[in-house]
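Visitor: Could you take me through a close look at one part of this model, and then at how its chains meet?

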There are 2 protein chains.
Amino acid sequence: MNLRLVSRMLGIVAWLLGLTMAFSLPVALPKIGGQSEFESRGFWALAFSIITCVIVGIVLRRLGRGASDILYRKEAMAIVGLSWVLATVLGGIPYYFGEVGFREVEGQVVTMGIVECLFESQSGFSTTGATVLTDIENEDWLPRCILCWRSSTHFLGGLGIIVLFVAVLGQGSAGKALMRAEMPGPSKEGSQERMQHTAWIFAAIYCGLTLVLAVLLYLEGLTVFQAICHAFGTMATGGFSTLNASLGGFNELLPESYKMIEYTVIVFMILAGTNFTLMYLTLIGKPKRLLGDPEWRTYIGIILAATVLVMAIGLVGSGNDFQFGENAPLGEKLETAFRDGLFHVVSILTTTGFGAADFDLWNNLSRAILIGLMFIGGCAGSTGGGMKVIRHILFVKILRREIEHSYHPSVVRHIRISGEAITDPDLARNILLYVSLIALIFAVSWLVLVGIEPDATWVESGHPVSNKLVDSASAIAATLHNIGPGLGIVGATQNYANFTAPSKLLFTFLMMLGRLELFAILVLVLPSFWRTR
Amino acid sequence: MNLRLVSRMLGIVAWLLGLTMAFSLPVALPKIGGQSEFESRGFWALAFSIITCVIVGIVLRRLGRGASDILYRKEAMAIVGLSWVLATVLGGIPYYFGEVGFREVEGQVVTMGIVECLFESQSGFSTTGATVLTDIENEDWLPRCILCWRSSTHFLGGLGIIVLFVAVLGQGSAGKALMRAEMPGPSKEGSQERMQHTAWIFAAIYCGLTLVLAVLLYLEGLTVFQAICHAFGTMATGGFSTLNASLGGFNELLPESYKMIEYTVIVFMILAGTNFTLMYLTLIGKPKRLLGDPEWRTYIGIILAATVLVMAIGLVGSGNDFQFGENAPLGEKLETAFRDGLFHVVSILTTTGFGAADFDLWNNLSRAILIGLMFIGGCAGSTGGGMKVIRHILFVKILRREIEHSYHPSVVRHIRISGEAITDPDLARNILLYVSLIALIFAVSWLVLVGIEPDATWVESGHPVSNKLVDSASAIAATLHNIGPGLGIVGATQNYANFTAPSKLLFTFLMMLGRLELFAILVLVLPSFWRTR
């Protein structure tokens, strides 16, 4: 293991973090974040954090002096995994120095401890959007400049994932299927240049869409600060908001344009969950590639089918699912059901996790459908998390083939995606490995969480203890798949503040595991990864 | 597809069923089943069922006249799958002709419809032990001779699985790992004779142990009828009892010997979940093979670890888990906790599903542990259902290898079981396929069940609707893995009577799917299975 090279690369990550933190400094000035005074506590917390990042960067660069430039697969994996760990630690420092209050116990404000800082930081970088903060609108608890940093971690995390996909995740043996054949970039040149080219294009699309969304939201009435933070949260499929009621909070603040805001965010969430290669191809005038792509068609199909189901069940059933007056005209009822249904289906499927209304009040079947969507996720090559739509498509095709294989052992057939055969012999094993690994991690984490989290957490926060098993399962799914909200105690209007420290660490680990598609983190805990060459 | 041969073999199955039904006829006479009068309704129901079996057998044999004797893999799979379907249908006839009452609605006895008959029959043959009958002690509702047939289906199902394992399930590509190298039988002869020899030996061990257990239970105070029925339920890892309170009912009937009965059943459940090859080797004087077997050691290890956990959590926690007086001496408390904890851990792990106390009153963590055990199951080559311990051992080894593979793609290592390498190249894919298929079936069935079963089922039976999601998940696990009881509405003291017909059919399908290890049933619904040669 070329540890010097790893160290040198991590040094750059530390510097980049410090640089990005600097962009949140101006928010400490009056007015920008909506506050009336200069936030000296937040300002100095950020300043100290930036200095820490710079020093850590210098130390890591020193340790890595004289490293050879040879980058093997192992070093690449170590850099990916460790830079995420490093970012989590450094990114949590502003919360700690800023003495951010995250909840109140018996009239006393409790400030974030190390565990809460790690959780919030990881939730940002992994674009999960789960939070331990119970009142983000309280400027005394949470300075606006640190709130800005919180949303910035989404932006950075989304950018990191898009670039990592090009550099690492899309290079695996199932790469061709996950990645699409036509990557942007000059095809005749070496893969190194092509990869860099692709990464730049993806980054440009990502930044461009974020900017467009921010402008649109600003035009719809949000302040510049709110618009930027929500654009970060949307395009990274993160879900951090600046309001306690998430995006739904604008229903009161901007009742005139609220519907428009909701539809705008829906469209951009769908875009954020779309493969960036296909968006690039659309931009250069090949929209047919997007419209004909089997993964994207399935993705849109799932959105439509789930929305229709949720609408139908909600309207036909008890009728309490959607919030409209009993005497509202039919058209208004349908529109509300469509908008709210679509919003939450898209929010969960793309793993964004924004809330518009409290979907935990929906009927059991609709809630079960949302849990099902959690296990699907966005498209490969997007900022969306989860297992990805393409893995499910391949999984179903492989299952079909393997069942046939059980009575025709001699027949060898390749899996086809839009007619093209995937000849990779490891494809089936890789997909099955991923699915079964997710099942195992989900089951074991659930058991551990039920074990380490006392029943008292439910009692104290007024939730029935009998819901512990299902609430815990949803919390595991919501963090492992980088969604954010789950059911019950971690429902749409709730948060992760009440959990004990060990559970918060478990969630932090799961968010990282899910975001880096398991392997880059799993290898880090394997002793032989560090021992052998 | 050689359909004639399939038909001829199914004819034999029909005849065998009719023959076995005849053994329940004498129970209709007074006294044998504990009743005071001759049960004419039950007697004629059985008699008509026997006649139906004979006629169906004749028709199927006729249809299969002149079939060639060539048995390909496809025909073998079709025979296994279809004979299970046939047995389910024919085995349900006595309940239908017997007009068995299964529940009371507004003072009216409701008799079993076709769906209930199929469910109860499948639950018997698949050795699940889930029931729709709410009062099996009521002789007016359920004649003793039909109760005897109900337990007999366990015996037949267990026998069938033991024989099928030798003939079909153990022959797959992961066969060597699942089956152990040393199968009983003359090793130099052809595999056909060896297989038959093995099957006979397994059947002999199975019948022998059932007989020994029945005698022991009789000596401990059970009637002959009770002893035989419970021996059937235990050795098949089924779980049908003759008492409404399951085995726990003897606590009142036979308070003197109850502890002894519980321990006896524990020992025989453990044996029933043990690989029959290893029991054979122990019988011929090679007990070291059993004690050194990695699967059996893991199996025993899981039992001990789970028991200690359940005991510790139950005693340290609220203390309401186990039923002893508050002032009971410590020794008695420990013994009760040990006995009840061990009983339910073994009952769930071996997929028997007997109940001694209401484990649904246990704390959340202990209940979660039981759900975890549901996904493990007994040893391969036993009557125990579930995923089997050996699959989990191989799964963990494969995961470890594949994670190493992610950074060392060029290294090829074989999986080893007790030092011996398994060279089968398809092993990893097969195990991963099985695990991910179980995960998919579990998830989809859960969604379907939540969708088709109305909330009213929970309301009417007095269970909180908010438990629908977790209760449904446990019901799916309990039927797919052939256990029987789950949590909440299908808890230890509950049953499946309240579910609507579509849900009961879903459970019936899942029981069959799980019992035949998925593939023999999955191929039946694939059109190409029937089309191609």
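Guide: A:Ser152 counts as buried because its relative accessibility is 7%, where buried means under 20% relative accessible area (1.4 Å probe, protein chains only). This is a predicted model, in which local features need pLDDT of at least 70 and side-chain atom pairs count only at pLDDT 80 or more, while totals for chains, interfaces and linings use all residues. Residues are numbered from 1 along each chain, chains are lettered from A in the order written, and side-chain values use heavy atoms, without hydrogens or water.

A:Ser152 belongs to helix 5 of chain A, residues 144-167 (helices are DSSP runs of H or I, at least four residues, numbered from the N terminus). Setting aside neighbours within four places in sequence, A:Ser152 is in contact with A:Ser24 and A:Phe232 (heavy atoms within 4.5 Å).

Now to the meeting of the chains. Chain A brings 50 residues to the contact, and chain B brings 50 residues. Between them about 4400 Å² is buried, with carbon and sulfur atoms giving 71% of that area (accessible area lost on being put together, 1.4 Å probe, summed over both). On the chain A side, A:Asn364, A:Tyr407 and A:Arg429 lose the most area to chain B, together 16% of what that side buries.

A:Arg429 also pairs with B:Glu402 in a salt bridge of 3.4 Å, N to O (Lys or Arg side-chain nitrogen within 4 Å of an Asp or Glu carboxyl oxygen). The rule finds 2 salt bridges across this interface. Among the elements giving two or more residues to the chain A side are helix 16 (389-407) and helix 17 (427-452). Helix 17 of chain A gives the most, with 13 residues.

Methods: Buried area is the accessible area (1.4 Å probe) that two parts lose on being put together, summed over both. Buried means under 20% relative accessible area, exposed over 50%, partly exposed in between (1.4 Å probe, protein chains only).
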